[in-house]
Amino acid sequence: MDKLLITGGTPLNGEIRISGAKNAALPILAATLLTEETVHLSNVPHLQDITTMMNLLGRMGVELVLDEKMHIDINSRRVHTCAAPYELVKTMRASILVLGPLVARFGEANVSLPGGCAIGARPVNLHIDGLEAMGADIRVEGGYVIAKAKRLKGTTLYLDLVTVTGTENLMMAATLAEGETIIENAAREPEVVDLANCLIQMGAEIEGAGTDTIRIVGKERLHGADYTVLPDRIETGTYLVAAAMTGGKIKLKDTSAKLLDAVLIKLREVGAKITTGDNWIELDMQGQRPKAINIHTAPYPAFPTDMQAQFTALNAIADGVSTLTETIFENRFMHVSELQRLGAKIHIEGNTAIITGTEQLTAAPVMATDLRASASLVLAGLVANGETLVDRIYHIDRGYERIEEKLTQLGASIRRVSR
Ligand SMILES: CC(=O)N[C@H]1[C@@H](OP(=O)(O)OP(=O)(O)OC[C@H]2O[C@@H](n3ccc(=O)[nH]c3=O)[C@H](O)[C@@H]2O)O[C@H](CO)[C@@H](O)[C@@H]1O
Ligand SMILES: C=C(OP(=O)(O)O)C(=O)O
């Protein structure tokens, strides 16, 4: 099994390109099930989750043609099964995103509940309740969501909790439903907006994406489109934190500062000098040690839970004591015990981590438990004294494209080893 071997101590310096967003590309790939015409996608990141989604679509009969730059032509004319089997989707939560499109276009779906995950229980009850309210007949049996429907009917849906993939699933389903659907308390994440923009290019009528009320008027059919996926704000944020932790100076290209307001505010509080342009962000830490900052995760536009682990690593070496409160997932502190192995001084009280910054972490073998937890261990490895070996990096390959190449380009000492 591959591991990452990191020798800490080099301030990051240089320029890299940010990839397309995993959490936008996944629902957009699922959305191609809504039309029999070809959808052409660009800026799809080369990641394990994307491969899993493409394998799943391929197994259903979707034709996918891709070139080495990950431009993909996708055609769902010949779908012959509406099943998403457990063996194919167990490693990826986002597989549930095929549920809405399948029910809306084919009137049936047999989709495995996504497998257990280290960050929390992550039920999909709101996806199911919403589709039922639109007229689908759904039962959950043997670990599968089995749905049948004649044409879905538009209605007003109120989501009890802000759910990103729940909003996406219901928005996709509503594009082919009869009449108008209103989603109240919708997620406002940029990835929801990106999906809506792609659906609009496919002929959908959607207003209000990016606000908490989304209105969709269903169409008889959608058509093909040519769409470019937005940049990955979490990948962007992760590299910015890496530069801040190492006291470096980096420029990230093909990204957008507009997606990262809450994160950039926190990085400025840490002491980073940040300059932005239309499609780039530069961070200069001027060799300083970061200042400790308090963080509270919440749905967009507040501070993203997907950046919590990376800021835990930053606070572990920062000057001062900080608190970091996780409000989205009940079990998203699995990285804490691994960071403690590197010398971090953190204790957990309920859903808050209290962190006393220490000037120097010391290398140790550590184990990744989920995607962003693994990123936090890599960041800690970049500043730890000695060689840190990060195990179970298949988690990181789910969400970071060529991470060791990009960090090497920025001057880090990191390589993939099989041990
Ligand atoms: C592929 C993708 O886009 N993943 C992102 C998405 O995950 P995902 O869409 O799974 O996360 P949700 O926004 O749905 O989860 C928010 C909260 O709602 C709860 N909930 C959700 C649905 C439901 O039916 N019932 C329920 O109780 C969840 O357990 C969680 O506590 O948003 C999360 C929150 O920003 C991010 O961390 C993930 O990176
Ligand atoms: C939690 C994440 O992804 P997923 O929802 O796909 O598990 C993430 O991207 O940090």
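## Asp306 and its surroundings

Leaving aside neighbours within four places in sequence, Asp306 is in contact with Ile234 and Arg372. This is a predicted model. Asp306 sits in the loop between strand E18 (295–296) and helix H10 (308–316). With 25 other C-beta atoms within 10 Å, Asp306 is buried, because the cut-off for that class is 20 or more.

## Positions marked in UniProt

An unreviewed UniProt entry gives the feature "binding site" at Arg93, Asp306 and Ile328. Arg93 belongs to the loop between helix H3 (86–89) and helix H4 (99–106). Arg93 counts as partly exposed, because it has 17 C-beta neighbours inside 10 Å.

## Nonpolar cores

The largest nonpolar core has 71 residues. Ile28, Val103, Met171 and Ala173 touch the most other members. Helix H1 (residues 22–31) gives the largest share of this core, seven residues. A second, separate core has 70 residues, including Ile18, Ile234, Ala243 and Leu264.

Ile28 has contacts beyond its neighbours within four places in sequence. They are Leu41, Leu195, Cys198, Tyr227 and Val229.

## Around ligand 1

Ligand 1 is surrounded by 22 residues. The closest are Asn23, Leu126, Thr163, Val164 and Thr165. H1, helix H5 (125–133) and helix H6 (164–174) are the elements that each give two or more residues to this shell. By class, the shell holds ten nonpolar, eight polar and four charged residues.

Domain 1 (2–18 + 231–418) and domain 2 (22–228) both give residues to the shell, so ligand 1 lies between them.

How values were computed: Residues numbered from 1 in each chain as written. Chains lettered and ligands numbered in written order. Predicted model: local features only at pLDDT ≥ 70, side-chain atom pairs only at ≥ 80, totals over all residues. Core = buried A, V, L, I, M, F, W, Y, C linked by C-beta atoms within 7 Å. Buried ≥ 20, exposed ≤ 12 C-beta atoms within 10 Å, placed from the backbone. Helix = DSSP H or I, 4+ residues; strand = E, 2+ residues; numbered from the N terminus. Contact = placed C-beta atoms within 7 Å. Near = placed C-beta within 6 Å. Nonpolar A, V, L, I, M, F, W, Y, C, P; charged D, E, K, R; others polar. Domains from an automatic or database assignment. UniProt positions renumbered as here; feature names shortened; annotations may be inferred.
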